[in-house]
Amino acid sequence: MGNIAMKARVTGRVQGVAFRAWTRSRADRLGLSGWVCNEDNGSVSALFDGQKGAVLAMIDELWEGPGAASVLDVQTEMVPHDDALSGFYIRY
């Protein structure tokens with residue numbers, strides 16, 4: 001109850017700046033499940049699944065990123081919630 005899932009694509013200077021590790025740390029702190037990965041085009045994609053407030057808070061945090069990042073845009077889309085997701089991990 002109250003769970004949602006969102007995919008996000010973050011563009012800017014987001015690779016080579018510990019963005020994935022930072023995202024995993026923040027998602028773990030918020031109790032979210034899902035994943036984060038680098039894309040071939042230089043962006044970072046992620047899936048966040050959990051309590052609505054936590055997912056929305058994570059999306060807001062993506063605009064900040066880690067200190068060395070420079071986020072230009074965060075695009076999101078709602079996707080079906082998945083009860084089978086457990087934990088948050090970095091996809092390679």
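Student: Which residue in β3 is the bridge partner of N3?

Tutor: The model is a predicted one. Strand β1 covers residues 3–13 and strand β3 covers residues 44–51, and the two pair in the antiparallel sense over 8 bridges. Within β3, K7 has L47 as its bridge partner, and M6 has F48. For N3, the bridge partner in β3 is Q51.

Student: Which residue in β4 is the bridge partner of V10?

Tutor: β1 also pairs with strand β4, residues 70–79. This pairing is antiparallel and runs over 9 bridges. In β4, the residue bridged to V10 is V74.

Student: In what order do the strands of the sheet stand?

Tutor: Strands of a sheet pair through backbone hydrogen bonds, either parallel or antiparallel. Here the sheet is open, has 5 strands and shows mixed pairing. From one strand to the next, the twist averages 20 degrees. The order is β4-β1-β3-β2-β5.

Student: Which strands stand at the edges of the sheet, and why does one side of each lack a neighbour?

Tutor: An edge strand here has a single partner strand, so one of its sides is left without a neighbour in the sheet. That description applies to β4 and to β5, residues 88–90. The edge strands are therefore β4 and β5.

Student: Which residue in β3 is the bridge partner of G34?

Tutor: β2 and β3 pair in the antiparallel sense over 6 bridges. They form a hairpin with 5 residues between them, and G42 in the turn has a positive phi of about 95 degrees. F48 of β3 is the bridge partner of M6. In β3, the bridge partner of G34 is likewise F48.

Student: How many of the 8 residues of β3 are buried?

Tutor: A residue counts as buried when its relative accessible area is under 20%. By that criterion β3 is largely enclosed by the rest of the structure, because the number of its residues that are buried is 7.

Student: How many nonpolar, polar and charged residues make up the contact of α1 with α2?

Tutor: The crossing of the two helices is right-handed. On the side of α1 the contact involves F19, W22, T23, R26, A27, R29 and L30, and on the side of α2 it involves A54, A57, M58, E61 and L62. These residues divide into 8 nonpolar, 1 polar and 3 charged.

Student: What angle does the direction of α1 make with that of β5?

Tutor: α1 packs on the sheet and touches β1, β2 (33–38), β3, β4 and β5. α2 also packs on the sheet, where it touches β1, β3 and β4, and its direction makes about 155 degrees with that of β3. For α1 and β5, the angle is about 175 degrees.

Student: Is T23 buried or exposed?

Tutor: T23 lies in helix α1. Beyond its neighbours within four places in sequence, T23 is in contact with V36, F48, M58, L62 and F88. Its relative accessibility is 1%, so T23 counts as buried.

Student: What value does phi take in A18?

Tutor: A18 is placed in the loop between β1 and α1. With a relative accessibility of 48%, A18 counts as partly exposed. Its phi is positive although the residue is not glycine, and the value is near 65 degrees.

Student: What distance separates the C-alpha atoms of P66 and S86?

Tutor: P66 is found in the loop between α2 and β4, and it is buried, with a relative accessible area of 11%. Not counting residues up to four places away in sequence, P66 touches V17, A18, F19 and W22. S86 is 20 residues from P66 along the chain, and their C-alpha atoms are separated by 24 Å.

Note on methods
Residues are numbered from 1 along each chain as its sequence is written. This is a predicted model: local features need pLDDT of at least 70, side-chain atom pairs count only at pLDDT 80 or more; totals for chains, interfaces and linings use all residues. Side-chain values use heavy atoms; hydrogens and water are left out. Two strands pair if DSSP finds at least two bridges between them. Helices (H or I, at least four residues) and strands (E, at least two) are DSSP runs, numbered from the N terminus. Buried means under 20% relative accessible area, exposed over 50%, partly exposed in between (1.4 Å probe, protein chains only). Contact means heavy atoms within 4.5 Å. A crossing is left-handed if the near helix is turned anticlockwise from the far one by less than a right angle, and right-handed if clockwise. Ala, Val, Leu, Ile, Met, Phe, Trp, Tyr, Cys and Pro count as nonpolar, Asp, Glu, Lys and Arg as charged, and the others, Gly among them, as polar. Axes are lines fitted to C-alpha atoms, for helices over the stretch in contact, and angles run from 0 to 180 degrees between N-to-C directions.
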